[in-house]
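Me: I would like to go through the labels used for this model and ask what each one rests on. Please set the value against the cut-off each time.

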Amino acid sequence: MRFGWRAISGPVLTAAIALLAILLDRHAPAPSLAPLFVGIVALAGSLSGFASALGSAVIAVIGAALLALSHRTAPGFAASDLARLCLLALTTMGTAAITGLMRERLLDSFAAERRNHATAARLSAALDQVDIGIVLLDAETRAEFINRAFRDYFALPDEMADDKPPFIALMYHGRDTGAFELPEDELGVFIARRMETVRTGDATPINIALRNGEVLRFVCTALPDGGRMLSYTPVTDLVRHTDAPERADYYRAVRDPTGRKLIRYLRVAE
């Protein structure tokens, strides 16, 4: 227990009330102080912990005993006085233990929360330094975290990123800003397939070509809490830029025999 106003406030207040009651009892009978003593013990425990509450409880029992003795003409305590003192002792001690334990657990929870917050802040700062776009989605597919790389790749304003947008809003933003290197008639199918990938947690890598010439490898990772981690790794350097321009679309996008499924792939440079 640290010595300070929090630590001594409970015992000092208890002693002051007990002395005041003893002094006033000479002129008029004082009412039962047990509820007040219990409340002070609880206050001391919440302010400074078990030690301060225990000290307040001891002073409360001593004050109640002195007040009971002031009513006696004969030495000793009556059976009723002893019963009340025992009940007060049990109540104040129990209150001290409960409030002290609750305060200790509360402080431990606050300390753990501060550590977790500091760790999350460091992790967030670290993820903002990498060139891999990272998006963390909750179980409702709302973005809980969007790192700097993703914001730069898709020209995402900070106001929108910090507003925890749903993943579909991020896809529509990329469509509206012309970020994807796709014909307009294929964007709807592309967005629908990305939404299905996120919904099912499909971890199959998908290469996404951007209109500015960059190529990102998209991977969806299912998290234990039902959320998703989306990563966009730049793989532009793997594209074979020496190919003839008229063959670029052939190498970057091939349709399956049905003509419905768009498969993106990269040709690794020799």
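Me: At what angle do helix 2 and helix 4 cross, and within what distance do their axes come?

Reply: This is a predicted model. In it, the axes of helix 2 and helix 4 (residues 79-127) cross at roughly 20° and come within 8 Å. Angles under 35 degrees count as roughly parallel, so helix 2 is roughly parallel to helix 4. The crossing of helix 2 past helix 4 is right-handed.

Me: What makes helix 2 and helix 3 roughly antiparallel?

Reply: Helix 2 (residues 34-48) packs against helix 3 at an angle of about 160°, and the axes are 7 Å apart. The cut-off for roughly antiparallel is over 145 degrees, and helix 2 and helix 3 are therefore given that label. Here too a hand is assigned: helix 2 passes helix 3 in a right-handed crossing.

Me: Which residues form the nonpolar patch on the surface?

Reply: Val58, Ile62, Leu66, Leu69 and Met93 form the patch, and together they have about 400 Å² of accessible area. Helix 3 (residues 50-69) supplies the largest share, four residues.

Me: Why is Ile62 called partly exposed?

Reply: Ile62, which is found in helix 3, has a relative accessibility of 48%. Under 20% would be buried and over 50% exposed, so Ile62 counts as partly exposed. Patch membership asks for over 30% relative accessible area, and Ile62 is one of the patch residues.

Me: How do you know that Arg151 and Asp158 meet in a salt bridge?

Reply: The N to O distance between their side chains is 3.0 Å. The rule asks for a Lys or Arg side-chain nitrogen within 4 Å of a carboxyl oxygen of Asp or Glu, so the pair of Arg151 and Asp158 counts as a salt bridge. By this rule the count comes to five salt bridges. Arg151 and Asp158 also belong to a network of salt bridges that links them with Arg148 and Asp162.

Me: Are Arg151 and Asp158 buried or partly exposed, and why?

Reply: Arg151 has 11% relative accessibility and is therefore buried, since the limit for that label is under 20%. Asp158, at 31%, is partly exposed.

Me: What makes Arg175 and Asp176 a salt bridge?

Reply: Their side chains meet at 3.0 Å, N to O, and the limit is within 4 Å. Arg175 has 36% relative accessibility and so counts as partly exposed. Asp176 has 57%, and over 50% is the mark for exposed, so Asp176 takes that label.

Me: How do you know that Glu196 and Arg199 are about one helical turn apart?

Reply: Glu196 and Arg199 are three residues apart in helix 8 (residues 184-200), which means a separation of about one helical turn. Their side chains meet in a salt bridge with an N to O distance of 2.6 Å. Arg199 is exposed at 55%, whereas Glu196, at 37%, is partly exposed.

Me: Why is Ile132 called partly exposed, and where does it lie?

Reply: Ile132 lies in the loop between helix 4 and strand 1 (133-137). Its relative accessibility is 28%; buried would need under 20% and exposed over 50%, so Ile132 counts as partly exposed. Ile132 and Tyr232 are 100 residues apart along the chain, and their C-alpha atoms are separated by 5.5 Å.

Methods: Residues numbered from 1 in each chain as written. Predicted model: local features only at pLDDT ≥ 70, side-chain atom pairs only at ≥ 80, totals over all residues. Heavy atoms only, no water. Patch = residues over 30% accessible without salt bridge, like charges linked within 9 Å, V, L, I, M, F, W, Y side chains within 5 Å. Areas by Shrake-Rupley, 256 points an atom, 1.4 Å probe, with all protein chains shown as cover. Helix = DSSP H or I, 4+ residues; strand = E, 2+ residues; numbered from the N terminus. Buried < 20%, exposed > 50% of the residue type's maximum accessible area, 1.4 Å probe, protein only. Axes fitted to C-alpha atoms, helices over the stretch in contact; angles between N-to-C directions. Parallel < 35°, antiparallel > 145°, perpendicular 65-115°, else oblique. Left-handed = near helix turned anticlockwise from the far one by under 90°.
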